[in-house]
Amino acid sequence: MGSYIFRRILATIPVVLFVMLFVFSLLYITPGDPAAILAGDQATQAEIEAIRIDLGLDRSFPVRFVEWSSGVLRGDFGVSIFTRLPVSTMIQQRVEPTLSLMVVTMVIAITIAVPLGVLAAWKHGSLIDRAIMLFAVLGFSVPVFVIGYVLAWTFALQLGWLPVQGYTPFSEGPWPWLRSLLLPSFTLATFYIAIIARITRATMLEILQQDYIRTARGKGASEQAVLFVHALRNASVPIVTVIGIGITLVISGAVVIESVFALPGLGRLIVDSILRRDYPVIQAVILIFSFVYVIINLLIDLSYTVIDPRIRY
Amino acid sequence: MTSAPPEQESYVVARAMPAIISAPPKRNAMMRTLRRHPTMWLGGTLLALVAIMAIFAPIISTSDPSAMNPAVRVQPPSAEAWFGTDMLGRDIFARSVYGARVSLIVGIGVALFATIVGMIIGLTAGFVRWADGIIMRIMDGMMSIPAILLAIALMTLMRGGSVMNVILAITIAEIPRVARLTRSAVLSVRELTYVEAAVACGTSKLGIIRLHILPNTVAPITVQATYICASAMITEAILSFIGAGLPTSIPSWGNIMAEGRALWQVKPNIVFFPAIFLSVTVLAVNLLGDGLRDAVDPRLAKRV
């Protein structure tokens with residue numbers, strides 16, 4: 001058990017190293033001179049040279065990679081081309097809104113999606129089941145920023161229940177903080193709910209047909225106990241897995257939704273950096289989000305043994 | 001069409017035996033599939049409409065999508081401009097109709113390229129044992145970078161937003177998913193007895209791939225390709241919406257919405273119409289994919 005955890009953590013090291021190598025080499029494998037492209041069309045030769053030296057493109061690839069990656073591992077992501085500030089400082093200022101958004105989204109999505117999926121499987125083939133599945137297909141198809149505008153228009157502009165845009169830091173009180181996050185989080189949660197509910201339903205349908213469920217019903221267990229104690233416990237491994245995979249969708253969605261709701265987070269930072277062609281910042285945000293994905297999926301892998309005692313490594 | 005599977009034919013015979021029950025009317029296989037899977041029918045029809053709109057965009061749209069007219073800026077929908085006009089006085093209806101072209105080209109282009117490259121990588125990983133570990137670790141690494149962020153980085157480093165660059169950037173981000181699916185399909189087929197028999201008969205490796213492996217991977221990969229198409233359409237719209245995709249000289253549903261971003265609270269029509277077009281198109285592709293999945297794998301249809 002202990003050795004499994006150790007080996008699993010070790011196994012993430014090559015993935016993290018590869019992600020770093022890949023993101024770094026993008027500068028070298030894309031066609032054209034990256035310094036000239038990042039400097040923009042109006043740049044002078046001197047400005048292009050300055051960016052070349054900034055990015056270390058004047059030195060050889062292996063030397064530069066070792067230098068850069070050891071910096072990244074110490075939390076040093078270089079200096080922004082646009083603001084001349086250390087990238088790590090710019091990122092620190094932006095972490096709170098994005099982290100809050102992701103946590104609230106996950107809480108909303110899981111508390112809604114799992115009961116929905118269970119309900120759909122329990123009432124298999126009924127109108128409720130069809131309605132939930134229709135919602136799941138719509139949740140996949142309607143792009144996240146469209147949902148954002150529809151929700152903001154309805155609940156903020158027409159009904160006036162929630163603020164239209166902006167972020168209130170947690171230090172100003174948990175309720176104003178939550179109010180500023182509800183609309184963007186529900187927006188992001190829509191398709192997350194769709195995928196989690198779909199997997200929950202599919203897994204539950206399979207499990208509800210098994211013999212031990214009939215036994216549980218036969219011994220007089222209440223329907224609630226059958227669904228949530230006997231069946232859901234066994235369905236939880238695929239559900240937890242899809243929650244982990246869905247993190248990429250939440251991250252991608254956050255990039256857009258922070259622009260729609262004017263949240264000053266990491267997604268907003270990367271969008272602003274595109275227009276400024278501030279590649280060191282873009283690179284750093286991508287790395288951080290990828291690390292988050294790798295770490296969450298590591299935790300999920302490790303959680304399997306807790307959820308299902310039959311899984312032994 | 002003589003391609004009906006044998007079980008279905010015996011079913012028809014069995015039902016026809018009692019004289020009272022008339023045999024079900026014969027239809028060709030395609031009509032039957034469509035009738036059994038109404039989602040495929042609905043998705044296909046919607047998608048055909050969008051395709052017609054894209055092909056005949058110059059005839060359908062009443063004006064030039066790039067013609068600026070400062071005199072009629074941010075107009076609400078009217079008889080002249082059905083969806084209203086944007087901040088530069090361009091006709092949103094014309095732009096939305098032309099936007100179908102970009103969406104379809106990017107969706108189909110990415111689905112095609114990502115499938116071809118992903119299949120080659122997946123087949124290699126499934127067949128060349130020593131390369132398997134390395135290839136799959138690389139794919140795992142790429143998959144831990146969210147597709148949109150990877151596409152953003154590639155677009156920043158490529159000069160100018162052209163349709164080809166957008167397709168290239170999204171394709172690179174989508175390849176790992178196809179590679180993984182192909183590899184798992186290959187692994188499950190490779191150990192089957194009939195493949196073993198083919199090996200024993202001296203069929204060459206390429207022959208085995210072509211005759212035995214590929215036909216068994218085509219169905220799941222076609223289904224996957226439709227989902228990639230839908231996700232590429234959304235990614236393109238997001239890229240153009242946040243300013244990393246196509247310039248406004250090439251109308252795309254994403255960049256029309258970007259134009260309306262500053263004004264959406266007072267002029268929701270600029271954002272609303274392209275949003276509807278985009279959502280309906282993606283829905284159509286997803287419905288088509290769901291229908292295809294149910295048709296090629298009835299076992300899945302009962303569950304999901």
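Author: What follows treats the chain interface and then the domain interface. This is a predicted model, in which local features need pLDDT of at least 70, side-chain atom pairs count only at pLDDT 80 or more, and totals for chains, interfaces and linings use all residues. Residues are numbered from 1 along each chain as its sequence is written, chains are lettered from A and ligands numbered from 1 in the order in which they are written, and side-chain values use heavy atoms, with hydrogens and water left out.

Reader: How many residues of chain B are in contact with chain A?

Author: Contact means heavy atoms within 4.5 Å. Here 42 residues of chain B touch 54 residues of chain A.

Reader: What is the area buried between chain B and chain A?

Author: Buried area is the accessible area (1.4 Å probe) that two parts lose on being put together, summed over both. For chain B and chain A the value is about 4,300 Å², and carbon and sulfur atoms give 75% of that. On the chain B side, B:Thr156, B:Leu157 and B:Trp264 lose the most area to chain A, together 17% of what that side buries.

Reader: Which residues form a salt bridge between chain B and chain A?

Author: A salt bridge is a side-chain nitrogen of Lys or Arg within 4 Å of a carboxyl oxygen of Asp or Glu. The rule finds one across this interface. B:Asp290 pairs with A:Arg198, with the closest N and O atoms 3.6 Å apart.

Reader: Which helix gives the largest share of the side of chain B that touches chain A?

Author: Helices are DSSP runs (H or I, at least four residues), numbered from the N terminus. The largest share, ten residues, comes from α12(B).

Reader: Where are the domains of chain A?

Author: Domain bounds come from an automatic or database domain assignment. For chain A the assignment gives domain 1 (2–73) and domain 2 (90–307). Their C-alpha centres lie 32 Å apart. The contact takes 18 residues from domain 1 of chain A and 13 residues from domain 2 of chain A.

Reader: How much area do these two domains bury between them?

Author: Domain 1 and domain 2 of chain A bury about 1,400 Å², with 77% of it on carbon and sulfur atoms. In domain 1, A:Arg8, A:Val23 and A:Leu38 lose the most area to domain 2, together 33% of what that side buries. A:Arg8 also meets A:Asp301 in a salt bridge (2.6 Å, N to O).

How values were computed
Helices (H or I, at least four residues) and strands (E, at least two) are DSSP runs, numbered from the N terminus.
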